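Subject: Structure handover and notes

Hello,

Please find the structure below. My notes on it follow.

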Amino acid sequence: MLYLMMVPVVAYFILFAYYPLVKGLQVSFQDYRLMGNRPYIGFHNFETVLHDPMFWRSFWNTLWIGAGIMICGFLAPLILALSLNEVLQNWYKKTAQMILYIPHLLSWVVVGGIWIFLLSPDTGLVNLLLVKLTGHSPIHFLSQESWARSIMIGSAVWKDMGYNCILFLAGIVGINPSLYEAARMDGATRWQQVRFVTVPQLMNTMKVVILLNTMGIFRIFDQVFVMRNPAIARKVDVLMMYTYQKGIMEIRIGVAAAASFFVVLFTLLITMAVRKLTRFDEV
Amino acid sequence: MKVKFTALLSAIFAVTILLSACSNSSKNNNSDASPSPAAPSPTGTEAGSSAEPSAQPEKLRILAANVGGKTPEETALFQQELSKRTGFEVTLEKPASDYDQKQLTALSSGEKYDLMEISDLAKFRNFISQGVVTDLTDFVTSSSMLSDPAVIPSAEWDLLKTEDGKIYGVFSKFQGATMPIVRQDWMDKLGLQQPKTLDELYKVLKAFKEKDPDENGKADTYGLSTAGLYEIQGIMSAAGLKARYVMKDGKRTIPYATDAAIPMYEWFAKLVKEGIMDPNFVTNDTAKMRNLFLTDRVGMVTYWDAWVGMFNNLKKQEDPNTKFVAKGIESIPGPDGTILMRRGDPDFWFIPANAEHPEAAKKFLEFWHSQEGIILGSLGIEGEDYTVSNGTYTLTENGKAHNLDHGVPFWYNTKVEPPFGKLPGVQEAQDLATKYATLELALPGWPDAEKILQNYALKAMSGQMPAKDAVAAMQKELKAANLID
């Protein structure tokens with residue numbers, strides 16, 4: 001009976017994950033035409049991808065932006081969760097959590113549009129404040145390469161900060177209160193309680209958040225698709241964007257499938273490395 | 001327990017294999033569906049005539065990007081209307097978004113449509129090379145309807161012909177050209193004349209910026225807005241530069257990436273520096289650009305001829321006493337006096353190679369260019385978008401909101417008169433398009449070349465990089481990537 005309960009889940013993964021994966025692998029070895037013969041061409045598509053400078057540029061962009069999101073997307077919600085945990089007024093804490101969580105519920109089409117508007121050089125709030133407070137001339141953040149990656153990282157962290165913050169807060173709630181009581185009896189200050197009780201007890205939640213962030217590195221797409229423009233494309237086009245361009249825009253399905261398998265491979269490698277580094281399996 | 005587990009796993013694998021088999025079967029069907037020349041239509045259906053009714057109406061499945069209702073509900077009504085008028089059992093699918101992805105997925109997964117809409121010639125050529133499209137040359141040439149120059153001018157077919165002279169598509173509407181569109185009411189108010197040189201254009205745009213044409217007492221207007229490099233042909237014309245590729249002595253050149261483009265990029269950079277050009281032009285999409293124009297924020301945009309009428313009509317509907325007047329103007333003439341305008345890729349239908357009802361699709365194509373088809377594609381559905389009484393057409397509220405556009409705002413067939421005339425300003429704009437606009441040459445490497453071009457051109461125009469350096473960098477990269485000769 002227990003095994004029967006697994007059927008929907010297993011069927012779901014076979015249908016929507018493993019079967020497309022196997023088909024994708026098959027396509028990556030074919031000279032794929034939309035109709036007609038689709039001859040097998042060995043590793044030719046993989047060679048095409050590996051010899052394409054655009055692929056490597058996208059790879060490095062992905063690493064830059066992904067690493068930024070991983071690090072900032074880990075630290076910012078952690079600091080926020082620890083700060084919110086120190087707030088005594090429950091209503092304030094809940095309101096703050098709700099406000100922080102809202103961007104996570106919105107799609108990138110909405111969030112990207114909001115940021116494009118906020119960063120506009122003439123009517124954007126960021127530039128209005130910049131001009132008013134510092135006298136600096138407006139900056140066109142989204143057309144300058146020097147700002148492009150920072151904007152992508154910042155907006156991604158802003159969007160998902162609430163979600164990760166709630167994960168940390170859930171971890172904090174689960175900490176045994178007697179540990180704090182013991183610390184207080186030993187004369188620990190608030191800061192020392194955070195440092196020697198909360199943070200060590202949150203270690204498992206931190207590992208989960210790091211691993212989730214890591215697995216998302218090579219899947220960044222929606223955000224870049226919405227917020228990019230030709231002036232900054234070279235600094236922000238990521239691997240999924242490369243795959244999209246090859247597959248959908250240029251209709252080179254075999255090449256796109258090969259590129260997407262590199263994405264799978266890189267995700268696997270980086271996830272394994274992070275698991276090893278964080279000693280994920282050691283509780 | 002082990003037995004149960006083994007049985008469960010076996011069942012799962014059986015389902016998987018079954019699914020794979022289904023998929024292979026459908027793939028094999030596709031493989032068989034190699035493109036083959038379409039049989040000529042025995043007799044061209046006459047204008048306005050419907051297909052022969054039969055006991056069991058033939059089916060016709062259509063994937064459309066523009067043709068149909070403005071809402072899913074109206075598209076359902078449109079489908080019924082198509083069935084009624086053509087005599088086929090029509091299924092019309094009009095995705096709300098991501099049409100390209102839907103089309104590609106449908107084609108690669110072997111879904112069978114009888115007609116598909118497309119408006120990207122480069123992509124269409126790719127479809128042809130991938131065996132997706134049915135050859136319609138014989139059908140078009142033997143169709144008394146489609147080969148009639150009054151229905152579709154003979155020269156227009158050149159837009160759809162491949163290098164070997166074959167025709168794989170049939171126009172779904174008349175596609176015009178892009179051009180500079182100005183606020184004529186602002187021009188009149190400021191006493192400005194239509195610019196004929198780059199200097200005159202600069203003065204006009206500067207006046208739009210500085211002389212408070214909207215009379216709100218604030219310096220909140222811009223002279224010019226674009227959506228990136230889309231579509232600056234009307235201005236690049238001043239240096240005689242044609243967009244995309246131009247073959248010169250058998251060699252591939254990209255005029256926008258030649259030294260002649262340097263002063264043009266410098267000119268744009270000057271506009272940006274002086275605040276005459278909308279600083280958001282790099283991040284603008286066309287909708288934002290249009291909104292700026294409609295909300296009195298900018299005096300000139302570069303856009304489609306059809307939008308001249310739409311701009312005027314939208315403002316008129318908002319306020320019947322509006323002074324707003326949009327007008328399409330000629331591009332700035334080049335050094336030799338030549339005016340360059342961009343003819344847009346045509347919107348057209350094609351019959352996929354795996355279509356189950358190609359003959360029905362061909363009859364539909366003839367219907368679509370008949371009076372009945374054109375009225376349906378422009379005005380919409382009788383009773384829903386318009387009513388007819390004693391031969392007089394009256395638009396309903398829905399019809400007014402739908403702007404005489406259900407996929408065919410304009411058409412080729414000169415035998416069909418627009419029941420409400422054309423929207424204000426459109427005819428003049430279309431006359432310019434017909435006189436000056438030419439199609440661009442998009443060679444296979446264009447998507448990659450465009451990325452290089454846009455990257456440096458936008459940097460030069462926004463003043464982030466000297467134009468000379470930007471053009472030199474473009475040329476270097478284009479040559480290194482073997483995208484120019």
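How many Å separate the centres of domain 1 of chain B and domain 2 of chain B? Taken over C-alpha atoms, the separation of these two centres is 31 Å.

Before the rest, the conventions. This is a predicted model, where local features need pLDDT of at least 70 and side-chain atom pairs count only at pLDDT 80 or more, while totals for chains, interfaces and linings use all residues. Residues are numbered from 1 along each chain as its sequence is written, and chains are lettered from A and ligands numbered from 1 in the order in which they are written.

Domains of chain B

Domain 1 of chain B covers 59-175 + 346-412, and domain 2 covers 177-343 + 438-480; the bounds come from an automatic or database domain assignment. Between them, 7 residues of domain 1 are in contact with 7 residues of domain 2, where contact means that the C-beta atoms of two residues, placed from the backbone, lie within 7 Å. On the domain 1 side, the touching residues are 5 nonpolar, 1 polar and 1 charged. In this classification Ala, Val, Leu, Ile, Met, Phe, Trp, Tyr, Cys and Pro count as nonpolar, Asp, Glu, Lys and Arg as charged, and the others, Gly among them, as polar.

Chain B against chain A

Chain B puts 37 residues into the contact and chain A puts in 29 residues. On the chain B side, α1 (2-32), α3 (99-108), α4 (121-129) and α16 (446-461) each supply at least two residues. The largest share, 9 residues, comes from α1(B). By class, this side of chain B has 15 nonpolar, 17 polar and 5 charged residues.

Chain A overall

Chain A has 14 helices and 0 strands; helices (H or I, at least four residues) and strands (E, at least two) are DSSP runs, numbered from the N terminus. Its C-alpha trace spans about 75 × 65 × 30 Å along the principal axes. Of the 283 residues in chain A, 32% are buried, that is, with 20 or more other C-beta atoms within 10 Å of their own, C-beta atoms being placed from the backbone. Among contacts between residues at least 6 apart in sequence, 68% join residues at least 24 apart.

Two helix pairs in chain A

The axes of α13 (residues 239-249) and α14 (residues 253-278) of chain A come within 8 Å and cross at roughly 165 degrees. Axes are lines fitted to C-alpha atoms, for helices over the stretch in contact, and angles run from 0 to 180 degrees between N-to-C directions. α13(A) is therefore roughly antiparallel to α14(A), a term for angles over 145 degrees. Residues meeting here include A:Leu239 and A:Tyr242 in α13(A), and A:Ile253 and A:Ala256 in α14(A). The contact of α13(A) with α14(A) divides into 8 nonpolar, 3 polar and 1 charged.

For α8 (residues 177-185) and α9 (residues 190-201) of chain A, the packing angle is about 155 degrees and the axes are 10 Å apart. These two are therefore also roughly antiparallel. A:Leu179, A:Tyr180 and A:Ala183 make the contact from α8(A), and A:Gln192, A:Gln193, A:Phe196, A:Val197 and A:Gln201 from α9(A). By class, that contact has 5 nonpolar, 3 polar and no charged residues.

One residue

A:Ile65 lies in helix α3 (residues 53-86) of chain A and is buried, with 24 other C-beta atoms within 10 Å. Not counting residues up to four places away in sequence, A:Ile65 touches A:Arg149, A:Met152, A:Ile153, A:Ile220, A:Val236 and A:Val238. A:Ile65 and A:Ile217 are 152 residues apart in sequence and 8.0 Å apart in space, C-alpha to C-alpha.

Regards

Definitions and conventions:
Angles under 35 degrees count as roughly parallel, over 145 as roughly antiparallel, 65 to 115 as roughly perpendicular and the rest as oblique. A residue is buried if 20 or more other C-beta atoms lie within 10 Å of its own, exposed if 12 or fewer, and partly exposed in between; C-beta atoms are placed from the backbone.
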